[in-house]
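Please look at the sequence and model first.

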Amino acid sequence: PEEFKKKYGWVNKYRASGPQSYHPWHQAGQYSQSCQILRLQLLAMAAEDDADWNDSSTKRFTDSFDELLRTLDGTRTGGRYTQKDVCDNYLRRIVQKKPWGQCASPYGDTADCCLQSALLNARHCSDPKRAADL
């Protein structure tokens with residue numbers, strides 16, 4: 001912490017990533033790719049009147065996720081930072097043209113599971129604000 005404080009001072013706003021950072025291409029205030037995917041899921045879910053995940057929600061999400069995948073190149077650095085499971089989705093969906101039901105990655109990341117838990121909580125919780133405080 002002290003070394004960071006000496007180098008950057010007090011950080012009170014978004015900063016652009018430096019050349020030696022973990023995500024040097026990430027601009028201040030941009031979503032991470034994980035957040036982009038979570039946002040696509042939330043938008044698909046929010047578009048339904050009853051906030052219930054159904055076939056049209058699934059199609060809305062998979063169509064928008066296909067659009068995101070087409071902006072990538074299948075490498076780990078092809079879309080800011082791309083997780084292994086997204087690279088696997090890219091290979092199966094874009095390159096091999098498999099249906100979504102055959103695109104699951106056997107290498108799903110635990111951090112991504114945490115984001116999915118937040119999405120499930122938002123979907124099933126009757127009081128999301130209270131749940132956010134837990």
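Buried means under 20% relative accessible area, exposed means over 50%, and partly exposed lies in between (1.4 Å probe, protein chains only). Of the 134 residues of the protein chain, 26% count as buried. The model is predicted: local features need pLDDT of at least 70, side-chain atom pairs count only at pLDDT 80 or more, and totals for chains, interfaces and linings use all residues. Residues are numbered from 1 along each chain as its sequence is written, and side-chain values use heavy atoms, leaving out hydrogens and water.

**Fold and surface**
- The protein chain has 6 helices and 0 strands, where helices (H or I, at least four residues) and strands (E, at least two) are DSSP runs numbered from the N terminus.
- The accessible surface of the protein chain is about 9,600 Å², with 54% belonging to carbon and sulfur atoms; areas come from the Shrake-Rupley method with a 1.4 Å probe, and for residues only the protein chains shown count as cover.

**Nonpolar core**
- The largest nonpolar core has 11 residues: I37, L40, A44, F61, F65, L68, L69, L72, V86, Y90 and I94. Such a core is a set of buried Ala, Val, Leu, Ile, Met, Phe, Trp, Tyr and Cys residues joined through side-chain atoms within 4.5 Å.
- Two or more residues of this core come from each of α2 (33–46), α3 (55–70) and α4 (84–95), and α3 gives the most, with 4 residues.
- Leaving aside residues up to four places away in sequence, I37 touches F61, F65, L68 and V86 (contact: heavy atoms within 4.5 Å).

**Tyrosine 8**
- Y8 is found in helix α1 (residues 2–8).
- Y8 counts as partly exposed because its relative accessibility is 32%.
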